[in-house]
Amino acid sequence: MADEWDQDQNAYKGTGGSGPADDSGNSGQPNQDDIDKRIEDIKRLVAQGASEAQLRLKKVVDRASEYWQQAQSQTAANTPPPTPKQATSLEEQRIRQLANMWSNANWRVARELGDYMDIVSWGIDEVWEVTLQTRWETRNMEIVSEPYTGKPLSRQQPLLPVWDFELPPVTGLKAPSSRTRIEGLDEILACTTCNGTGRALCTNCAGRGWVVCPECHGRTKKRCDTCRGRGYVADWAEQGKRPFFKRQADNLAQSVNERVSDVFEGIRSQGMPIPNPVDTDPANKGKTVPCPDCVNGEVDCTCGNGKRVCETCQGAKSALCVNCGGTGKVVRHREIARQFELRTQTRIVGENKIPAQRLEQAVGDLAYSAEVNEDLHPEAPPNGVPLDVWHAAVEMAQAELARTGKAGNENGQAQLRPTLQVLELVRIPYTKVDYRYSNQDYSFYIYDGEGQEKFYADRYPARWDRIERLVRAITNDLVVSPETPATTDNVPPHSYRVPVEKPPYNITEEDEDDLGHA
């Protein structure tokens, strides 16, 4: 529209520079008829563009339907229907049943994979999961004081390092923190808080025997409750006689207002300047008279001198010592604080392509589980455990025990030690199956124990291959590269096209945790 305006302006200038004149005599501006015409042209162009977009969308939908029918007809004509394969042994039949279980549970895998795949070979092997759980214990010696009660002390014993004391046994890998008092190390000492006197200065009055009066705050005067510190009250003689229920309602409202005012007055007395939402000033409602109960809104406080006797010490200026309980002596004893931490290590022993995080979720067959109470011999594996697996387990246990010296050096003394170790060896059997499907080679793994089989595969035949071919055909026909001009009749010369990146046909399981599970 701006271009048309510039062209019209140039045309006007070419005719003499004055342009057409309107009814008012002004020149160089288009008249109302030209403006209305341009508006109608813009509306026509917008409607034409919307219609063209609808036609293009309908053409794409029709083309997609056509390609889908062609893909189905070509598949039916060129590809013979697959025939189910028959198992030749019990093991092959089991593998095919498990493959069907996998394909039925995973919507990305081709349907009934076990019935239509050609098994090339399969092999049975195993991996081992070595788990070492270590309970680390931390001990700290702490000195605690308590009031002396007159109980005689037990027989004295020498002070030993924290790990030389025999403490109650702790069961289980996850143990709570505990404290144990060591007998025979108690000492009776004079209380340093009261210097052995049994009494200390009162903390409430700081040894003065009195506190500032909380009612008048030391002023010996406090606010009058009748007039609330104003010095005047309402003149009841000026008020007319009111009905009984009216008087009762007014008295109730006045009582509520007074309570609310007391609350806000208490808040203001704490130093927070907030307004009073209830107006109870009698001067705003009529005539007033001086308050008969006070002078200038204040009355004498009951304390007389602005002080009160301390309620804690009753004016004695001292109280029983809290540290020694008034005996002047304390008993100092020692306690050992124990804290526990559980650390777990896991290692997979064996060559396979199954990710370790998936093998750790397998149940497997427990072959060995015991507490490590003595040195393990690398050349004497338990029954049913391979030698290389046992070597890996012994190496893990010895490496964990070697950390005791390092922890002791860091803390200055050996206060962190492993007090319990549990070693578990789990056998995880697996079966690798090589097969062919649609003239392509694939492999998948079946692992874990019987009845709890799980599956894993790097790549597998996709269930939605026809949809993928349909999308590829539509992309090739409708998407035109910017470098290649559109010359066909079906593609408009000025259509907006961008290149589409085509995904690979093979599908992987790298970031899908649930693809290989049954």
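Student: In this predicted model, does Thr-131 count as buried or exposed, and at what relative accessibility?

Tutor: Thr-131 has its place in strand β1, which covers residues 118–147. Because a residue under 20% relative accessible area is classed as buried, the value computed for Thr-131 settles the matter: Thr-131 counts as buried, at 13% relative accessibility.

Student: Which residues does Thr-131 touch, not counting residues up to four places away in sequence?

Tutor: With those residues left out, the contacts of Thr-131 include Thr-344, Gln-345 and Thr-346.

Student: How many disulfides does a search of the whole structure find?

Tutor: A disulfide requires two cysteine sulfur atoms within 2.5 Å. Cys-205 is in no disulfide, the nearest cysteine sulfur being that of Cys-313 at 3.7 Å, and Cys-324 is likewise in none, with the sulfur of Cys-194 nearest at 3.6 Å. For the whole structure, the number of disulfides found is zero.

Student: What is the relative accessible area of Cys-324, the cysteine whose nearest cysteine sulfur is that of Cys-194?

Tutor: The cut-off for a buried residue is under 20%, and Cys-324 is buried, with a relative accessible area of 0%.

Student: How far apart are the end C-alpha atoms of helix α7, and what span should its 15 residues have?

Tutor: Helix α7 runs over residues 387–401, and its buried residues include Val-389, Trp-390, Ala-393 and Ala-397. The expected span is 1.5 Å times one less than the number of residues, so the 15 residues of α7 should span 21 Å, and this agrees with the distance between its end C-alpha atoms, 21 Å.

Definitions and conventions:
Residues numbered from 1 in each chain as written. Predicted model: local features only at pLDDT ≥ 70, side-chain atom pairs only at ≥ 80, totals over all residues. Heavy atoms only, no water. Buried < 20%, exposed > 50% of the residue type's maximum accessible area, 1.4 Å probe, protein only. Helix = DSSP H or I, 4+ residues; strand = E, 2+ residues; numbered from the N terminus. Contact = heavy atoms within 4.5 Å.
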